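The explanation goes step by step.

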Amino acid sequence: LRIPVLPSDKKFLDNLTEGRPHQGVAMKVSPLRANLIYQNFDKTVTVNDHKTLWLALNDIQDPMNLGALIRTAALMNVDRIVINSRRTAKLSAVVSKASAGAMEIYPIHAVNNLSKYLDYFVEYNWNVIGTVGQKEVDQYQAISCQNFSHNGKPTILVLGNEGFGISASIKEKCNSFITIPTSPSCSPAIDSFNVSVAAGILLYALRQRLSYT
């Protein structure tokens, strides 16, 4: 590959990695960017495949969370990840490390306006599934992820920001909502999972049901 290798001391590597763990080896590379989708909708996707599963991320700002989400999506055989191009953590070395390298090989796509982009999924008759915490179950008639019944349509799961969840404009595009049931003995002050933990539970539940239909 003709990559130059330079002997370096620990101080140099510490500065290069900005103090992050490096195990004595580091590589300086150009930033990785998500594939920006300019067209309305990628009509090459398998819109008629009922097992198609995408993940949309509404303004995930913590790079560790973003990396964990990419890693989880890869393990759960999610076909694509779609992110907001402007209000999502950049694809950085921190994200790559948290993803265990999945960021480097996994299809990540960016759109300028996620809410507007979801209009095309609605038009093409996808399941656009939003996620809510326990406090919003009644308001959005959310069902437990354990009781999700697949209707034979391709599916996109939407996960929200670490602080405010899914934005109101994006909730309007969702045609159903699911939630993760919690223990009745859990304190009301703790009403939601970390977004990357929630992703693992929800994607596993969805993938199980998509696999058996």
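In helix α7 of this predicted model, the buried residues are Val195, Ser196, Ala198, Ala199, Leu202, Leu203, Ala205, Leu206, Arg207 and Leu210. Helix α7 itself covers residues 195–211, which is 17 residues. At 1.5 Å a residue, the helix should span 24 Å, and its end C-alpha atoms are 24 Å apart, so the two values agree.

His109 lies in β4, which runs over residues 108–111. Is His109 buried or exposed? Its relative accessibility is 9%, and buried means under 20%, so His109 counts as buried. Apart from neighbours within four places in sequence, His109 is in contact with Ala34, Asn35, Ile37, Arg80, Ile81, Val82 and Ile83.

The whole protein comes next. It has seven helices and eight strands, and buried residues make up 43% of its 213 residues. Among contacts with a separation of 6 or more, 85% join residues 24 or more positions apart.

How does the overall size fit the chain length? A compact globule of 213 residues would have a radius of gyration near 17 Å; the protein has 19 Å, which agrees. Along the principal axes, the C-alpha atoms fill a box of roughly 60 × 45 × 30 Å.

The protein exposes about 12200 Å², and carbon and sulfur atoms supply 53% of that area. There are 21 positive and 16 negative charges, and their mean positions are 5 Å apart.

How values were computed: Residues are numbered from 1 along each chain as its sequence is written. This is a predicted model: local features need pLDDT of at least 70, side-chain atom pairs count only at pLDDT 80 or more; totals for chains, interfaces and linings use all residues. Side-chain values use heavy atoms; hydrogens and water are left out. Helices (H or I, at least four residues) and strands (E, at least two) are DSSP runs, numbered from the N terminus. The expected span of a helix is 1.5 Å times one less than its number of residues. Buried means under 20% relative accessible area, exposed over 50%, partly exposed in between (1.4 Å probe, protein chains only). Contact means heavy atoms within 4.5 Å. The radius of gyration is taken over C-alpha atoms; the globule rule is 2.2 Å times the number of residues to the power 0.38. Accessible areas come from the Shrake-Rupley method with a 1.4 Å probe; for residues, only the protein chains shown count as cover. Lys and Arg count as positive and Asp and Glu as negative; His and the chain ends are not counted. The place of a charge is taken as NZ of Lys, CZ of Arg, CG of Asp or CD of Glu.
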